[in-house]
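Student: I have a structure to read and want to learn how to go about it. Can we take it feature by feature?

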Amino acid sequence: MIVKRRPKILDPQGKAVEQGAKLLGFNNVSGTRIGKYIEFFVNSNDVNTVEKEIEEYAEKLLSNPIMEDFEYSYKKVDET
Amino acid sequence: MKLKFGIVVFPGSNCDHDAYYAVSKTLNYDAVFLWHKETDLQNSDIIILPGGFSYGDYLRTGSIARFSPIMNSVIEFAKKGGLVIGICNGFQILLEAGLLPGVMLKNKSLKFICKDVYLKIENKNTVFTSSVKKDIIKIPIAHAEGNYFADEDTLKSLEDNSQIVFKYSSPEGIISEEWNPNGSKLNIAGITNKSKNVLGMMPHPERSCDGILGNTNGTFIFRSLEENLITI
C-alpha cells in the first residue's frame, strides 16, 4: 500500500529533501513529496474479504483521510 | 469537593508525571494515573491526555494511541460532556480520535522547537479559560509536529463557533507569521470542540505551574476548571 499526502497539503519533509536535490545539482527535479510504503499479509482466499479488510485498515489506521490518500495492490501467495 | 484529574499514560507518554506533579503537588487537587490498557476512568472529573511520544510517534503522531482501550472510555466521557484536555501529543491524539477537527503536520522549520512563546487568549468564555486575568500569556512549547492544518471550511467553522482558544502572538498580542513558531493555520495553538468540553493545546500549562520554574501562567487553566466545576 502507498499512502500519499494530498496534493494541496504542505509536505515540509519533501521540500527539505528537494533542497538536497538542488545541492546535488539535480536542477530538473521538482515537486518532491514523501509518502509511505506499507506491506502486510491478509489471511483469506476470498477476494471481497481481502479488499474490504485492506481498505478498512487503510481508512481507520494507515492513512488519515483529512490529509492523505491511499492506493494498493495485492497478489496471492501460498501459505508458508 | 476536590477536583480529581485522571492522567492517561500511554507507552511513550513523558509529560504524565509533569501533569501529575502540577495538579496534585503544586495545585493540591486529586490525581490518578490511568494506564492506557484500562477502561475505568476512576470517577475522574477531568481527563488529561499528556504530552510525549505515544507509540514512538510511529505512522502519524497519536494515530495508534487513539485505539488504546482507555480511549473508548475517554471518547464516551467526552461525548457525554466530560472535560478532556489534550496537551501536545495529547492534542495530536484528540485530532486522530476525531474529538477535535484537523490534523498536525511537521513544523514548517522541520525542527523540534522547545522554547517559551506568547499566546493570545482568543476565547475566555470556556471552562478552561474563564479565570485567566491576562490577555496574553507566556508559556512553553516543545514539539516537532504542531503545525495545525484544517481545510478552509473547517477553519471558518472554528472561527464562527469561537472554538479557537489560543493563538501564537507577539508579547503585545500581534498575530502574524513572524510570531508563529510552527506554521499552524491562523496561528492556532489551541482549540476546543463545538460544545467546548474538549480542549487541545500544543503549549504546556503543566510545565508552568510551579513558581520555582519561573512561570505560573499554566495555573489559570486548572483554576478556571476549579471555579467552574465547583460552582456547578
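Student: Which residue in the hairpin of β10(B) and β11(B) takes a positive phi?
Tutor: Note that this is a predicted model. The residue is K196(B), with a phi near 65°. The hairpin has 5 residues between its strands.

Student: How do β10(B) and β11(B) run, and how many bridges join them?
Tutor: They run antiparallel, with 3 bridges. β10(B) covers residues 188-192. One residue pair to look up is T192(B) and its bridge partner L199(B) in β11(B).

Student: In what sense do β4(B) and β11(B) pair?
Tutor: Parallel, over 4 bridges. Strand β4(B) spans residues 83-87. Its V84(B) has V198(B) of β11(B) as bridge partner.

Student: How should I read the two faces of a strand?
Tutor: Start with the general idea. In a regular strand, side chains alternate between the two faces of the sheet. Now take β11(B), residues 198-201. V198(B) and G200(B) lie on one side, L199(B) and M201(B) on the other.

Student: Are those four residues of β11(B) buried or exposed?
Tutor: All are buried, so both faces of the strand are covered. The cut-off behind that is 20 or more other C-beta atoms within 10 Å.

Student: What about the nonpolar core?
Tutor: In soluble globular proteins, nonpolar side chains tend to be buried together. Here the largest nonpolar core has 65 residues. I7(B), V8(B), I48(B), V84(B), L94(B) and L119(B) touch the most other members.

Student: Which residues does L119(B) contact, beyond its neighbours within four places in sequence?
Tutor: Among them are I136(B), I137(B), I139(B), F166(B) and Y168(B). The list also includes A189(B), a residue number within the 188-192 range of β10(B).

Student: How do I read the chain as a whole?
Tutor: Chain B has 5 helices and 11 strands. Its radius of gyration is 16 Å, close to the 17 Å that the globule rule gives for 232 residues, so chain B is as compact as a globular protein of that length. Of those residues, 51% count as buried. For contacts between residues at least 6 apart in sequence, 77% join residues at least 24 apart.

Student: How many residues of chain A are in contact with chain B?
Tutor: 9, and they contact 9 residues of chain B. Helix α1 of chain A, residues 12-23, gives the largest share of chain A's side, 3 residues. By class, that side has 7 nonpolar, 2 polar and no charged residues.

Definitions and conventions
Residues are numbered from 1 along each chain as its sequence is written. Chains are lettered from A and ligands numbered from 1 in the order in which they are written. This is a predicted model: local features need pLDDT of at least 70, side-chain atom pairs count only at pLDDT 80 or more; totals for chains, interfaces and linings use all residues. Helices (H or I, at least four residues) and strands (E, at least two) are DSSP runs, numbered from the N terminus. The radius of gyration is taken over C-alpha atoms; the globule rule is 2.2 Å times the number of residues to the power 0.38. A residue is buried if 20 or more other C-beta atoms lie within 10 Å of its own, exposed if 12 or fewer, and partly exposed in between; C-beta atoms are placed from the backbone. Two residues are in contact if their C-beta atoms, placed from the backbone, lie within 7 Å. A nonpolar core is a set of buried Ala, Val, Leu, Ile, Met, Phe, Trp, Tyr and Cys residues joined through C-beta atoms within 7 Å. Ala, Val, Leu, Ile, Met, Phe, Trp, Tyr, Cys and Pro count as nonpolar, Asp, Glu, Lys and Arg as charged, and the others, Gly among them, as polar. Two strands pair if DSSP finds at least two bridges between them.
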